[in-house]
Structures are given as C-alpha cells and as structure tokens.
Amino acid sequence: MRALRETVAGRLPRAGRAALAGVPGLVAVGALALCAVGVEHAAEGGGPRRAAAVTAVHSAARPPIVPRAEWLGDTRETAPPVRYGGPVVAVFVHHTDSPNAYDCADAPRIIRALTAGQTGARLFDDIGYNFLVDRCGTIYEGRAGGVDRPVVGAHTQGFNHRTAGVAAIGTFTAGVPVPEPMAEAIAALAAWKLGLMDVDPRLRAQLVSSNSLSRFPVGTHAEFDAVAGHTDGYTTTCPGAALRARLPAIRERAAQLQGRTKERAQAARPLR
C-alpha cells in the first residue's frame, strides 16, 4: 500500500477555535476536535469507484441516516473533494469529547461547530468522521461522498482506508453512562455498513498502517476488531473508557442484526 500524505493537528487553529466558540449554548465545545487529532489525507487521484461486488449472505437493513444537507445548510460554498478507498472491513468508534447534556435538537449545530473547527485554516477539507450519532440515537452523515460508498475519512491516523469512522456526540470517560439509543444506533450502523461486504462485526480485520504516527509503523500489517475503538489505532483515550467497554456488546448486537448466530466458527480468520 502506498504511503499517504499526512497532516497532524496538534490543536485547533485559531480560526477553528473562534468558529466553535461562537456557537450559542455550547460550553467548552472547542474540545470537539481533540478526538480527531492526527488527520490523514488520502493520496490524490483516487476518483469515485465502488467496492467490488459481494454477495452479502449476512446483511442488515440500512438505518435512518440524516443527510449532510439537513445539518450543513448553506455554510459551505463549494463541495469538498471526495476520496474513495477499498471495501470497508472495519469501523472505528470515537467520541467527540464534548458536553453530554445537550438537547438532541441541537445536534446539527454541534456538528456544524465541529466541522467549522476541523476545516478552520483549511486544516481539514471536510469533517473527518463518516458518521456521527447523538444521544437520542439519530445517525448523521458526516464526511461527503455517499453513505454507502467507501469514503476515505480523516478519523484514525494511519487507518482511514478500508474503514469508516463513527463519532458518538458526547464524552464517555469511565463511569459515564452510554445512552442505550446511541449504542443501538452504533450497532445498527456497523451492522449495515459492514454487511455491505458481508463482514461479521465479531471478526478481526487486517489493515496496513499508512504512516508511523499511528500505533504501528508505516507498512505494518495490524489486526483490529471489525468494530474497534479509536485508541486501538492511535494513541488517544478516545472513545472513552465507558464507550470502549460497550464495544463487545455492540459487536454482538451488530452481528445479531445481520442475522448471524452466536457461533463464531470463522473468528480465527482475520479479514483481509
């Protein structure tokens, strides 16, 4: 796999911090970008292409997903560039490290603030996450390119290819309850997205690190749970200890939604 151009964000640029600070009712929302530190830009020239056709024996229904147009509004004058990679075989789960006691009706404003922070000073060309989920279980399309396409995001340094990034809106450190609607929505999203390639959410996926800023030197073949936490690929506490502890149950629920049995006959075979 060819190494990719990397841009690392140690902190939000001043323009991004100003954009976040200007959103009414969001306390300490500047922390939203901290979970996305370590941005990976895909190599140029990867035009739109669909993943190879797969007969999905175990698939899941597509959950309702709020399209970008419904939360983004008219704040962007031009569409961001879209990059596509290989078939998605893993999902990385994040949290946004932002306040939890928000009204779900404010989720679009939070996502706009996050987008403004990540794209400030052109550090990101679009929001890094492919999807976001609020505490009421509403799923939002994040990065542009099509929810059913293998869009290369900017969510997990070194492992943005062949993966999708989903961010739980909130902070889920140890002892913080993860809302059940949120956990269910993440499971439903993982079941559908991985089901497009007939991937069992309980298996492990083999990926190749694209740079040494991840936990793995560039070129290293690394194995991850098909539904993994951000911290598995990059040195961070994201998605928080509480949400990370829920991932085994989320994997099992996603497999159930795909119609799989509890048997794990293929569990020893990593996905490639």
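The structure is a predicted model, in which local features need pLDDT of at least 70 and side-chain atom pairs count only at pLDDT 80 or more, whereas totals for chains, interfaces and linings use all residues. Residues are numbered from 1 along each chain as its sequence is written, and side-chain values use heavy atoms, with hydrogens and water left out.

The axes of α4 (residues 180-195) and α6 (residues 241-257) come within 8 Å and cross at roughly 50 degrees; such axes are lines fitted to C-alpha atoms, for helices over the stretch in contact, with angles running from 0 to 180 degrees between N-to-C directions.

For the chain as a whole, the secondary structure comes to six helices and 10 strands, taken as DSSP runs numbered from the N terminus (helices H or I, at least four residues; strands E, at least two). Of the 272 residues, 55% are buried, a term for a relative accessible area under 20%, with exposed meaning over 50% and partly exposed in between (1.4 Å probe, protein chains only). Among contacts with a separation of 6 or more, 77% are between residues 24 or more positions apart.

Ala168 illustrates contacts of this kind. Ala168 is found in strand β7 and is buried, at a relative accessible area of 1%. Leaving aside residues up to four places away in sequence, Ala168 touches His94, His95, Thr96, Val133, Met182, Ile186 and Leu243. Between Ala168 and Arg135, 33 residues apart in sequence, the C-alpha to C-alpha distance is 7.6 Å.

One disulfide (a pair of cysteine sulfur atoms within 2.5 Å) is counted, and it joins Cys104 to Cys136 with an S to S distance of 2.0 Å. This link is right-handed, with 90 degrees about the S-S bond. Cys104 lies in the loop between β4 (90-95) and α3 (107-119) and Cys136 in the loop between β5 (131-133) and β6 (139-141), so the pair ties together parts that are 32 residues apart in sequence. Cys104 is buried at 13% relative accessible area, whereas Cys136 is partly exposed at 44%.

Three further backbone features fall in loops. The peptide bond from Cys238 to Pro239 is cis, with omega near 15 degrees, and Pro239 is placed in the loop between α5 (230-233) and α6. Arg162, in the loop between β6 and β7 (163-168), has a positive phi near 65 degrees although the residue is other than glycine. Asp198 likewise has a positive phi, near 55 degrees; Asp198 lies in the loop between α4 and β8 (204-208) and is partly exposed, with a relative accessible area of 23%.

Terms used
Contact means heavy atoms within 4.5 Å.
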